[in-house]
Amino acid sequence: MLSPDLKAQVFKLPPSDRLALISLIVESLQESPVSQSERSAAIGRMRGLLKTDQPAPTDEEVAAMLEERRVEKYLQ
């Protein structure tokens, strides 16, 4: 977990520096080997996050949700 101080420092960086930081982090991850079991566990966790018993919303429902969000943002 990242410390709040580190997170605050990252958000203070200009966008170009944050992109450079992301690039550096990705590069460092590519250099370190990831075992197949770690990869499988991560995939399983991601699938679990997406799993739901409810059907996907219809196009009309999505449009209504977006409109509701726009109205809420406008009223704030």
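The protein chain carries 10 positive and 12 negative side chains, and the centres of these two sets lie 5 Å apart. The model is predicted.

**Fold and dimensions**

Four helices and zero strands make up the secondary structure of the protein chain, in the order α-α-α-α along the sequence. The radius of gyration of the protein chain is 19 Å, whereas a compact globule of 76 residues would have one near 11 Å. The C-alpha trace spans about 45 × 35 × 20 Å along its principal axes.

**Surface**

The accessible surface of the protein chain comes to about 7600 Å². Carbon and sulfur atoms account for 61% of that accessible surface.

The values for the whole protein chain are collected here.

| Quantity for the protein chain | Value |
|---|---|
| Radius of gyration | 19 Å |
| Span of the C-alpha trace along the principal axes | about 45 × 35 × 20 Å |
| Accessible surface | about 7600 Å² |
| Distance between the centres of positive and negative side chains | 5 Å |

**Val 62**

Val 62 belongs to helix α4, which covers residues 59-75. In sequence, Val 62 is 29 residues away from Pro 33. In space, the C-alpha atoms of Val 62 and Pro 33 are 40 Å apart.

Conventions: Residues numbered from 1 in each chain as written. Predicted model: local features only at pLDDT ≥ 70, side-chain atom pairs only at ≥ 80, totals over all residues. Heavy atoms only, no water. Helix = DSSP H or I, 4+ residues; strand = E, 2+ residues; numbered from the N terminus. Rg over C-alpha atoms; globule rule 2.2 N^0.38 Å. Areas by Shrake-Rupley, 256 points an atom, 1.4 Å probe, with all protein chains shown as cover. Lys, Arg positive; Asp, Glu negative; His and termini not counted. Charge placed at Lys NZ, Arg CZ, Asp CG, Glu CD.
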